[in-house]
Amino acid sequence: MGTPEPFKILVVDDEEVVRCTVEMLLDFLGHSAVCVKDGLAGIQELQAGDYNAAIVDIRMPGLSGLDFLARSKEIRPEIPVILISGHGTDQTRVEAQEAGAFAFLAKPFRLEAIRQVIENIRSRRETGSEKLPAHTPP
């Protein structure tokens, strides 16, 4: 059995330290990341690039993560969006799932949480699931 193809993942967060940390985690897992600092740049990148997933902060100036999610569903509905937040509550998690997020991760999150979400995306693609239901790792 061969090594799975690496994913190309869009990372959208207004905090540079978060972008860099997520990029390093994805690199460690064998994936590549393209990082942008706001939701509008994220939408432009999503339209221009070929991505397997997006990791997006909920609270950002300008276009919020939930707004990004809604726009991404219009332009690239096949791309799973993982919402992240340092201000996450159970209500935020529910809102993210109801809006169609593939997963919600509260900051700070662990490497294992990102690995698990990516593997869930991969497994759904391999089984041919058209719709990617919301999933929140433990």
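First, a term: accessible area here comes from the Shrake-Rupley method with a 1.4 Å probe. On that basis, the chain exposes about 7400 Å². Carbon and sulfur atoms supply 51% of that area. Keep in mind that this is a predicted model.

Now the inside. Of the 138 residues, 44% are buried; that means under 20% relative accessible area.

Next, overall form. The C-alpha atoms fill a box of roughly 45 × 30 × 30 Å along the principal axes.

On to the fold. The chain has 5 helices and 5 strands. Along the sequence they follow the pattern β-α-β-α-β-α-β-α-β-α.

Which order do the strands take in the sheet? It is β2-β1-β3-β4-β5, in an open sheet with parallel pairing. At the edges sit β2, residues 32–36, and β5, residues 103–106. Each of those pairs on one side only. From one strand to the next, the twist averages 20°.

Look at one pair. β1, residues 8–12, joins β2 through 5 parallel bridges. There, K8 stands opposite S32.

α2, residues 39–48, touches β1 and β2. Its direction makes about 160° with that of β1. α3, residues 65–75, touches β1, β3 and β4. The direction of α3 makes about 175° with that of β4.

Notes
Residues numbered from 1 in each chain as written. Predicted model: local features only at pLDDT ≥ 70, side-chain atom pairs only at ≥ 80, totals over all residues. Heavy atoms only, no water. Pairing = 2+ DSSP bridges. Helix = DSSP H or I, 4+ residues; strand = E, 2+ residues; numbered from the N terminus. Axes fitted to C-alpha atoms, helices over the stretch in contact; angles between N-to-C directions. Contact = heavy atoms within 4.5 Å. Buried < 20%, exposed > 50% of the residue type's maximum accessible area, 1.4 Å probe, protein only.
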